[in-house]
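Hi everyone, thanks for coming.

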Amino acid sequence: EKLKKSFPWFGMDIGGTLVKLVYFEPKDITTEEEQEEVENLRSIRHYLTSNTAYGTTGIRDVHLEMKDLTLCGRTGNLHFIRFPTHDLPVFMQMGRNKHFSSLHTTLCATGGGAYKFESDFRTMADLELHKLDELDCLVRGVLYIDSVLTSGPSECYYFENPRDLDHCAQKPYTLENHYPLLLVNIGSGVSILAVYSENNYKRVTGTSLGGGTFLGLCCLLTGCSTFEEALEMASQGESTHVDKLVRDIYGGDYERFGLPGWTVASSLFCDGFHMMFKEKRESVSKEDLARATLVTITNNIGSITRMCALNENIERVVFVGNFLRVNILSMKLLAYAMDYWSKGQLKALFLRHEGYFGAVGALLGLLHPS
């Protein structure tokens, strides 16, 4: 029997930088349901599914759409939408304009913003948020997406020959026998979870040095204003123009410290002495600064992850989060770091839906409340 839960079905993850929204569009609506459907609901569905951009900053990631998905007895398409957190008031106003609150639906949300903006949703959009635990949603979303994707591009992939950064190739990976795995969520900050089963997982550690740090420093150092712009600069730069390598500090015998030669002790953040010389500063481009910032943040995440994997005795590491969106360079560096430090024992895995798993978990919390 089809679930009677009111449409629309949304899941929302309000992060420090981006809001991630998943929307289930039913495709099996009966004639009777169509006649009973109120104009507000029809308007929302048409607005979300007929556009790929919303305003100047909202994006529907069409390439991630999951078609003909069966969810709680209904068949439909799952859409993935994102916009900057600073534009959340625009989203709330849209909800008010389309009389979202009149539909008597529950809006399930997770992430730090679910708490930070709860009162704003109430006053600006007349909506009550049902807040869900961020880590519960993340794990639930990862396991669900991996379980239902049986056709099309593989959800999980890795980089073959990760020590050759210029020629390592992306390959599909089947995430069978999921457990245990280390789940590294890289958004504005970083959370690392050890997952032993669907209902047995713990947060091992985390760091505030994540995507937010990268973007903030790049804005200060280069004058860029968006994540995409910062990454484009980084892809054109050369970090060794800014950084000191381990070999520069320890000499040629750096291998005995268990470190690859490219590991940086970044002059920007660890070794300020390198940038004290005027001629050195003047020889460095904005692209070099962006590249050094990206390498430093990524290398720090890789180092912490490797230590966690050793401590938890886990050999599979799955990296997710919006820091990896359009960020092949960081993925390759993470794959290199995991492979090198573990002598091939640690495999770095990545997932196509990157930063949307928390929002998917929130949607599942709406449909399967505990």
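Predicted model: local features only at pLDDT ≥ 70, side-chain atom pairs only at ≥ 80, totals over all residues.

Residues are numbered from 1 along each chain as its sequence is written, and side-chain values use heavy atoms, with hydrogens and water left out.

Okay, the inside. A nonpolar core here is a set of buried Ala, Val, Leu, Ile, Met, Phe, Trp, Tyr and Cys residues joined through side-chain atoms within 4.5 Å. Buried means under 20% relative accessible area, exposed means over 50%, and partly exposed is in between, using a 1.4 Å probe and protein chains only. The largest core has 65 residues, and Met 12, Phe 80, Leu 88, Phe 121 and Leu 183 have the most contacts inside it. Its largest share, eight residues, comes from H13. Helices, by the way, are DSSP runs of H or I with at least four residues, strands are E runs of at least two, and both are numbered from the N terminus.

Now zoom in on Leu 88. Leaving out residues up to four places away in sequence, Leu 88 touches Met 12, Ile 14, Val 19, Phe 83, Phe 117 and Phe 121, where contact means heavy atoms within 4.5 Å.

On to the rings: there are 16 aromatic pairs. Rings of Phe, Tyr and Trp (its six-membered ring) pair if their centres lie within 6.5 Å; planes under 30 degrees apart are stacked, over 60 edge-to-face, and the rest tilted. Phe 83 and Phe 91 are a stacked pair, 5.4 Å centre to centre with 25° between the planes. Phe 83 is buried at 7% relative accessibility, and Phe 91 is buried at 16%. Phe 214 and Phe 227, by contrast, are edge-to-face, at 6.0 Å and 90°.

Phe 7 and Pro 8 are joined by a cis peptide bond, with omega about 5°. Asp 68, in strand E5 (residues 66-71), has a positive phi near 55°. Is Asp 68 buried or exposed? Exposed, at 62%. His 99 also has a positive phi, near 55°, but counts as partly exposed at 47%.
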